[in-house]
Amino acid sequence: MKRAEIEHWLRETDGARLDELWQRADAVRREHVGDAVHLRGLIEISNVCGRACAYCGIRSGNRQLERYRLTTRELLECMRRALALGYGTLVLQGGEDPALDPEWLASIIRRVKARTSLAVTLSLGERSPNELALWRNAGADRYLLRFETSDRDLFARLHPSRPGRSSDRIALLGTLRELGYETGSGVMVGLPGQTYTSLARDIELFGELDLDMIGVGPYIAHPATPLAEHEADFRAAPGEQTPNTELMTCKVVALARLVCPRSNIPATTALATISADGRALGLLRGANVIMPNITPLRYRALYDIYPDKACLHEDADTFDMELKTRIAAIGRCVATGQGESPNCTARRQSAACAWN
Ligand code: SAH
């Protein structure tokens, strides 16, 4: 699908036409990744961050926020919880914590991989190729790094580089792929300054990058950030600015499914935060993954990337029961196993064939 057609869909307001989009996305989802919903246990390992992203509440400049880093014990406790709930993947997410010891994390990954059959996904921002290789060699399977927006000027304004090091997430996605990670990316929908044309380009880029996983959620303003404070300075012209709504996020999920039929696409917590049935809506409009939060409840509020996150008070066990009921209620089932994306499986198989 080319950019013009994608943009056309992003601007579509007719309900009947949109029903067609939802049905197409749902059919493509069923054909390529099936009815089973993969559950990933999300652990927010640290809210310490050295970066100054204008949109994010855990940016280093937010001095009001109490900082935490999980201990080995706490992490292994989360792992046991994920196993007890039957999840096949652990996702370790965090701020770009400069004091996170790469060897410590490698030893955790080795322990998880040696003792369990869990897949390990990392989402720890822009790390050095050495660290990424260390973790990959320790057994990490997947890496999530959203490029946030393909508009380079907007990205630079929202996501200042570290001194002397330019921030190129697209290039880093190439490094992750070369290291053998199953690779995921994505964007926020409705960022101030994001135009329909640049959002259409983002979706086109999902296809060009041949992503294995695509995470998209609405931008949610956090009061302790420069973006919330100076939103008016960032906004694109009326008629060009994308809205950060449930509808626009669902369109992006559906279009991502059409552009990348075999990738794993979550119905995100951010979508559930702005819409009471966001998770079910996402699953009905192209998504096939949910990432239940299994971070210890006492740290949940401190991973404050945006306010009022849907998972703030969701105890892992209670949420799990409700979620499984809701998945059954829309006629879907819960997947078992690690749930590698068929996109990645196919790529690995064709690489193996090339060797024979
Ligand atoms: N430090 C890691 C993980 C960040 S949190 C990294 O930078 O990749 C994961 C995602 O949350 C980010 O990639 C971003 O897309 C999203 N996010 C951050 N702040 C947000 C906000 N205010 N509203 C919605 N999503 C946000």
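**Entry 1: the second largest cavity**

I note here that the model is a predicted one.

Which residues line this cavity? I listed Arg279, Ala280, Leu283, Leu323, Arg326 and Ile327. I then sorted the lining by class and got 4 nonpolar residues, 2 charged ones and no polar ones. The space inside comes to about 50 Å³.

How many cavities of 30 Å³ or more does the whole structure have? My search of the whole structure gave 2. A reminder to myself on the idea behind the search: rolling a probe the size of a water molecule over the atoms shows where empty space is left.

**Entry 2: the ligand**

Next I turned to the ligand. I counted 16 residues around the ligand. Which of them are closest? They are Gly94, Arg146, Glu148, Arg169 and Ile220.

I looked up atom pairs for three of these residues. Glu148 has a polar side-chain atom 2.6 Å from an oxygen atom of the ligand. For Arg146, a polar side-chain atom is 2.9 Å from an oxygen atom of the ligand. With Gly94, the backbone takes part: one of its polar backbone atoms lies 2.9 Å from a nitrogen atom of the ligand.

How much of the ligand's accessible area does the protein cover? On its own, the ligand has 550 Å² of accessible area, and the protein covers 93% of that.

I also sorted the shell around the ligand by class. I wrote down 9 nonpolar, 4 polar and 3 charged residues.

**Entry 3: the largest pocket**

My last stop was the largest pocket. Its volume is about 230 Å³. I found 15 residues in the lining of this pocket. Which lie nearest its centre? I noted Thr149, Ser150, Arg152, Phe155 and Ile170.

Three helices each give at least two residues to this lining: H6 (152–158), H7 (169–178) and H8 (196–208). Which element has the largest share? That is H6, with 3 residues.

By class, I put 6 residues of the lining down as nonpolar, 5 as polar and 4 as charged.

**Entry 4: looking back**

I set the class lists side by side. The lining of the second largest cavity has no polar residues. The shell around the ligand has 4 polar residues, and the lining of the largest pocket has 5.

Definitions and conventions: Residues numbered from 1 in each chain as written. Predicted model: local features only at pLDDT ≥ 70, side-chain atom pairs only at ≥ 80, totals over all residues. Heavy atoms only, no water. 1 Å grid on protein atoms, 1.4 Å probe; cavity = no way out; pocket = protein on both sides within 12 Å on 5 of 7 lines; lining within 4 Å. Points joined across faces, edges and corners; volume = space filled by probe spheres on them. Nonpolar A, V, L, I, M, F, W, Y, C, P; charged D, E, K, R; others polar. Near = heavy atom within 4 Å. Polar contact = N/O pair within 3.5 Å; in protein donor to acceptor, adjacent residues only side chain to side chain. Areas by Shrake-Rupley, 256 points an atom, 1.4 Å probe, with all protein chains shown as cover. Helix = DSSP H or I, 4+ residues; strand = E, 2+ residues; numbered from the N terminus.
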